[in-house]
Amino acid sequence: NGDIEALAAPEVKIEKHLGTGVLVYDNKKFAVGLRWLVAEEEGDIELALKRAKGFHADFYCMRQNVAIQHAFAFLSMGHRVGLPVLASVAADLLVGEWHGIFVADNGWWYVAVHADNIAPDGDRFFTSEEEAYNHFVTRMEGHRWPRSYAPERWNIQETSGEIPLSKIIGEA
């Protein structure tokens, strides 16, 4: 369903600390920084739970629109039950093979998608613009991307331009 779901039923105490897994844009919070794996069957909860235990994850979600994937979330990163998972929205909106950096109110969010699947480490959040820039450039040099999106002020000629986060969040 695209929102984080608890692995078990106990109440989760919400901390004030957002962690590196919560993107804030226009006073709305979104889960980012999840670990992604491809799934063979839609709705395979048993496999999702098994994988979540292997990752020592606190939560999981399932992406079932354009591609079928499991993602794993962690309390230590600020993830909470019910937070919308932004990578699934971006990957469903911008189909194909691409990567990009999106500017949030509290940092820079990197997404990498191969053949409509979010890369296992392709959902990263940075609080440092320099770290975000360096990560983006390194990933750009390591793969031939058909489309790349980056902030215009970075002045990277090989990109397809900038996509405002508001466009993606408008679809969330």
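**Entry 1. Pairing of β7 and β10**

In which sense do strand β7 and β10 pair, and over how many bridges? I found that β7 (residues 98-103) and β10 pair in the parallel sense, over three bridges. I took two strands as paired if DSSP finds at least two bridges between them. Helices (H or I, at least four residues) and strands (E, at least two) are DSSP runs, numbered from the N terminus. I then looked up W98, and its bridge partner in β10 is R147.

**Entry 2. Basis of the entries**

I note that this is a predicted model, in which local features need pLDDT of at least 70 and side-chain atom pairs count only at pLDDT 80 or more, whereas totals for chains, interfaces and linings use all residues. Residues are numbered from 1 along each chain as its sequence is written, and side-chain values use heavy atoms, with hydrogens and water left out.

**Entry 3. The chain as a whole**

I recorded four helices and ten strands for the chain. Along the sequence they follow the pattern β-β-β-β-α-β-β-α-β-β-β-α-β-α. Of the 172 residues, 47% are buried; buried means under 20% relative accessible area, exposed over 50%, and partly exposed in between (1.4 Å probe, protein chains only). The chain exposes about 8,900 Å², of which carbon and sulfur atoms supply 49%. Accessible areas come from the Shrake-Rupley method with a 1.4 Å probe, and for residues only the protein chains shown count as cover. I also looked up contacts (heavy atoms within 4.5 Å). Among those between residues at least 6 apart in sequence, 60% join residues at least 24 apart.

**Entry 4. The sheet containing β7 and β10**

I traced an open sheet of four strands with mixed pairing, in the order β9-β8-β7-β10. β9 (117-126) and β10 (147-149) stand at the edges with a single partner strand each, so one side of each has no neighbour in the sheet. From one strand to the next, the twist averages 10°. Helix α3 (residues 129-142) packs on the sheet and touches β7, β8, β9 and β10; its direction makes about 15° with that of β8. For such angles, axes are lines fitted to C-alpha atoms, for helices over the stretch in contact, and values run from 0 to 180 degrees between N-to-C directions.

**Entry 5. V113 in β8**

Is V113 buried or exposed? V113 lies in strand β8 (residues 108-114), and it counts as buried because its relative accessibility is 0%. Leaving out residues up to four places away in sequence, I listed A91, G96, E97, W98, I118 and W145 as the residues that V113 touches. V113 and D92 are 21 residues apart in sequence and 10.0 Å apart in space, C-alpha to C-alpha.

Why is strand β6 described as largely enclosed by the rest of the structure? Five of the five residues of β6 (residues 69-73) are buried, so the strand is largely enclosed. Q69, A71 and A73 point one way, H70 and F72 the other way. Strand β4 (residues 35-38) pairs with β6 in the antiparallel sense over four bridges, with V38 opposite Q69. Strand β5 (residues 59-63) also pairs with β6 in the antiparallel sense, over five bridges, and C61 has A71 as its bridge partner. I noted that β5 and β6 form a hairpin with five residues between them.

**Entry 6. Helix α2 and the cores**

Seven of the eight residues of helix α2 (residues 86-93) are buried, among them L86, V89 and D92. The largest nonpolar core has 33 residues, and L23, L86, F102 and W109 have the most contacts inside it. α2 gives the most to this core, with five residues. A second, separate core of 13 residues includes W108, F126, M140 and A150. A nonpolar core is a set of buried Ala, Val, Leu, Ile, Met, Phe, Trp, Tyr and Cys residues joined through side-chain atoms within 4.5 Å.

**Entry 7. Aromatic pairs**

My search of the whole structure gave seven aromatic pairs. Rings of Phe, Tyr and Trp (its six-membered ring) pair if their centres lie within 6.5 Å; planes under 30 degrees apart count as stacked, over 60 as edge-to-face and the rest as tilted. The ring centres of W98 and Y149 are 6.0 Å apart and the planes stand at 65°, so this pair is edge-to-face. It links distant parts of the chain, with W98 in β7 and Y149 in β10, 51 residues apart. Both residues are buried. W98, F102, W109 and Y149 form one aromatic cluster.
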